Amino acid sequence: MTETYEIPPDAPIVCTIRPGDDEQAMMETYRALFAEEVFVTGERTDWGVRWTFQAKEGVEERVRAQAASEQRCCAFLRMAITVTDGTVVWDVLGPANARVFLDEYVQLPQTAFGGIDALRDRTIATGMFLDDQRQDQRQDQRQSEATA
């Protein structure tokens, strides 16, 4: 990768996606990208995650649109899309303190097909904060269940 991105090493690991339709739409788009035969591979890199897709008709545009959506809700990440040798390469770069999140994120081609609550719980477990009160509500619910 030839480009560099300045990301503060202690950037807040926060997602601002709204629960409900926005969250569901994002997951459906991920599921569609990863379910199709255009998805080639995903790997964890020193600087983040790299997903590779076949550069078939419309794939680059779909990957770029998904990367832009992800960038809007997870400002601590940087996205780079390159097209070379018949492939679309999506590099997701994160700060040093997002290491655990990125370890989970690289598994998205497999975990995206589970329930959204389970995926959300896996993400929260990495230290990501959801900036919409869901995290506080879920912790309150767990505490209530534990004391009941």
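**Notebook: aromatic pairs and salt bridges**

I began in helix α1, where Tyr30 and Phe34 are four residues apart and therefore separated by about one helical turn. I took helices (H or I, at least four residues) and strands (E, at least two) as DSSP runs, numbered from the N terminus. I note that this is a predicted model, in which local features need pLDDT of at least 70 and side-chain atom pairs count only at pLDDT 80 or more, while totals for chains, interfaces and linings use all residues. I read residue numbers from 1 along each chain as its sequence is written, and side-chain values use heavy atoms, with hydrogens and water left out.

**Rings**

I found 12 aromatic pairs in the structure. Rings of Phe, Tyr and Trp (its six-membered ring) pair if their centres lie within 6.5 Å; planes under 30 degrees apart count as stacked, over 60 as edge-to-face and the rest as tilted.

I then checked burial (buried is under 20% relative accessible area, exposed over 50%, partly exposed in between; 1.4 Å probe, protein chains only). Tyr30 is buried at 1% relative accessibility, and Phe34 is buried at 7%.

Which arrangement do the rings of Tyr30 and Tyr105 adopt? Their centres are 6.5 Å apart and their planes at 90 degrees, so I recorded the pair as edge-to-face. Tyr30 belongs to helix α1 and Tyr105 to helix α3, so this contact ties together parts 75 residues apart in sequence. Tyr105 is buried, with 7% relative accessibility. I traced ring pairs that link Tyr30, Phe34 and Tyr105 into a cluster whose members also include Trp51, Trp90 and Phe101.

**Charges**

My search of the whole structure gave 10 salt bridges, each a side-chain nitrogen of Lys or Arg within 4 Å of a carboxyl oxygen of Asp or Glu. Glu36 and Arg62 form one at 2.7 Å, N to O. This pair links distant parts of the chain, 26 residues apart: Glu36 is in the loop between α1 (21–35) and β2 (39–44), Arg62 in helix α2 (residues 59–73). I found Glu36 partly exposed at 31%, and Arg62 partly exposed at 31%.

Glu37 meets Lys56 in a salt bridge, with the closest N and O atoms 3.3 Å apart. Glu37 is in the loop between α1 and β2 and Lys56 in the loop between β3 (48–54) and α2, so the pair ties together parts 19 residues apart in sequence. Glu37 is exposed at 62%, whereas Lys56 is partly exposed at 38%.
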